[in-house]
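Subject: A structure to look at, with notes

Dear colleague,

I am passing on a structure for you to look through, and below it you will find my notes on what turned up. Please keep it open beside the text as you read.

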Amino acid sequence: MLFNSYIFILFFLLVTLLSYFGLNRWGKEVWAKWVLVGMSLWFYAYFHISYLILMIGSILFNFFCSNQIRRQSGMRNKVLLAIGIAANVGVIFYFKYFNFFLENINTLFQCNFITDTILMPLGISFFTFQQISYLVDSYRMETGEYSFVDYALFVTFFPQLVAGPIVLHGEMIPQFCDKTRKKLDMDKLACGIYLFSIGLFKKVMIADVLGRGADWGFSNPEAVTAVDAALVSVLYTLQIYFDFSGYCDMACGIANMFHLELPVNFNSPYKAASILEFWQRWHITLTRFLRTYIYFPLGGSRKGKVRTMWNVLMVFLVSGIWHGAAWTFILWGAVHGIANVLCRLFGNIWNKFPRFLRWAMTFVFVDLTWIIFRADSLRDAGILFGKLFKPWKWQVSGGLTEQFHLLEFTYVEEHVSFLGSFASRFPTVHLLIVLSLALFLALIPRNCHEKIFVPRAWNALGSIVLLAWSVVSLSGLTTFLYFNF
């Protein structure tokens with residue numbers, strides 16, 4: 001089920017809220033948790049019923065394994081942990097990378113292994129990484145004797161189930177058990193609706209609009225002009241920003257409606273003035289997971305400069321592979337890893353440049369590397385890069401400008417004649433308006449979590465307008481980009 005769908009907004013969310021707080025009001029706290037687990041499983045199964053088998057099996061296996069780890073010691077502990085991690089990684093490998101592995105074996109060794117269609121469960125990387133962290137924390141004796149319903153809710157809680165954030169047990173399970181969060185609080189509910197409406201607007205009215213132009217360019221790399229290639233790369237850079245930022249706002253908003261707090265996962269990354277700062281702001285919980293459960297166990301920065309740089313590269317290669325089974329993701333991760341190593345080595349020199357110049361160089365680097373990330377193949381990425389570095393003719397293709405003929409623009413231009421004539425003379429004006437607005441919102445205002453919400457009439461009116469505008473515009477369902485990872 002999608003946050004940006006009628007069934008979720010007009011039925012699922014309302015029913016879940018009423019059931020959860022109604023049961024808590026009647027003193028049925030355990031039943032309220034089970035209802036939240038059941039609704040979360042329905043939310044997940046709505047995409048495909050077969051996903052439930054894997055989800056429930058994963059929960060049962062990891063809960064049993066973590067309990068056994070806590071009760072054992074010595075070598076048994078390590079063996080159980082290794083089995084648990086291997087099983088989880090094996091599941092991800094099969095569903096996400098098995099065909100990719102066979103295809104490359106066939107290419108390298110001229111083999112004829114047959115690949116089959118494998119339906120990859122949505123969010124498998126997110127909920128599996130979450131459970132791996134729980135296994136490791138159990139090995140470190142950092143988890144408590146949690147009930148099965150608390151563990152199941154920790155894994156399945158639907159706002160963060162499919163695309164994060166990747167939460168830790170210590171962040172969520174104590175909240176599930178906190179009695180002060182069981183009683184309906186209208187201020188928290190209002191804050192949740194406010195965040196959800198902003199996130200929905202980012203997704204439906206900004207990210208999806210930008211995505212039309214980005215999809216047009218990446219699906220026709222050979223047809224684009226040099227200017228098209230530059231615009232398309234920026235359009236995707238902003239699309240993935242607002243798509244992910246919108247999801248995070250909606251996830252936090254829904255959690256707030258249930259009086260629960262998810263960790264901040266997104267902090268204006270395009271304001272970063274270095275690639276190190278970018279990764280402190282982009283997908284914060286993934287970065288935390290990779291640092292805590294991969295970088296530190298590899299030795300972190302404790303074993304000399306050369307080993308530290310190697311560990312950094314390994315972490316970013318894992319990050320690239322985590323995003324998908326394609327050489328584009330692996331190359332993207334490697335390039336970001338190299339950039340991080342260079343920032344660490346030459347940070348003192350880098351910091352001497354004016355902040356605006358450091359920001360501009362960081363933004364351009366991130367923008368260009370998103371081309372690798374988004375392209376359907378390394379060949380397509382090479383074509384787009386080739387277009388960028390050819391002599392420019394200041395001409396935007398009609399196919400690109402057509403993607404931004406929005407109903408809102410048409411309505412205004414029909415009622416204000418001079419605007420209509422201006423748009424007909426300058427067909428790129430719609431594209432430039434959308435692009436300028438998106439750049440402004442990404443670079444200037446503060447993030448939602450940086451503001452203190454106050455339930456005022458102005459906030460209520462703004463939430464109603466954004467929510468209504470977005471709901472009316474739900475003409476076609478589009479999944480969140482991070483659902484693919």
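Ser 233, Val 234, Tyr 236, Thr 237 and Ile 240 of helix H9 are in contact with Phe 363, Asp 367, Trp 370, Ile 371, Phe 373 and Arg 374 of helix H15, where contact means heavy atoms within 4.5 Å, and helices (H or I, at least four residues) are DSSP runs numbered from the N terminus. By class, this contact of H9 with H15 holds seven nonpolar, two polar and two charged residues; Ala, Val, Leu, Ile, Met, Phe, Trp, Tyr, Cys and Pro count as nonpolar, Asp, Glu, Lys and Arg as charged, and the others, Gly among them, as polar.

Before going further, please note that this is a predicted model, in which local features need pLDDT of at least 70 and side-chain atom pairs count only at pLDDT 80 or more, while totals for chains, interfaces and linings use all residues. Residues are numbered from 1 along each chain as its sequence is written, and side-chain values use heavy atoms, with hydrogens and water left out.

Helix H8 (residues 186-219) and helix H20 (residues 429-443) have axes that come within 11 Å and cross at roughly 125°, which makes H8 oblique to H20. The contact is made by Ile 206, Val 209 and Leu 210 of H8 together with Val 434, Ala 438 and Leu 441 of H20, and by class it has six nonpolar, no polar and no charged residues.

Helix H3 (residues 51-71) packs against helix H6 (residues 148-156) at an angle of about 130°, with their axes 11 Å apart, and the two are therefore oblique to each other. Here Met 55, Ile 59, Leu 60, Asn 62 and Phe 63 in H3 meet Phe 148, Tyr 151, Ala 152, Val 155 and Thr 156 in H6.

Next come some single residues. Ile 321 is found in helix H12 (residues 305-323), and with a relative accessible area of 35% it is partly exposed; buried means under 20% relative accessible area, exposed over 50%, and partly exposed in between (1.4 Å probe, protein chains only). Ile 321 touches Tyr 97 and Ile 330, leaving aside residues up to four places away in sequence. From C-alpha to C-alpha, Ile 321 lies 9.9 Å from Lys 96, although 225 residues separate them in sequence.

Most residues other than glycine have a negative phi. Phi of His 283, however, is near 45°, a positive value, and this residue sits in the loop between helix H10 (275-281) and helix H11 (284-295), where it counts as buried at 0% relative accessibility. Met 141 also has a positive phi, near 60°, and its place is in the loop between helix H5 (124-139) and H6.

Finally, how many disulfides are there? The count comes to zero, a disulfide being a pair of cysteine sulfur atoms within 2.5 Å. The sulfur of Cys 252, for instance, is 6.6 Å from the closest cysteine sulfur, in Cys 248, which is too far for a bond.

Notes
Axes are lines fitted to C-alpha atoms, for helices over the stretch in contact, and angles run from 0 to 180 degrees between N-to-C directions. Angles under 35 degrees count as roughly parallel, over 145 as roughly antiparallel, 65 to 115 as roughly perpendicular and the rest as oblique.
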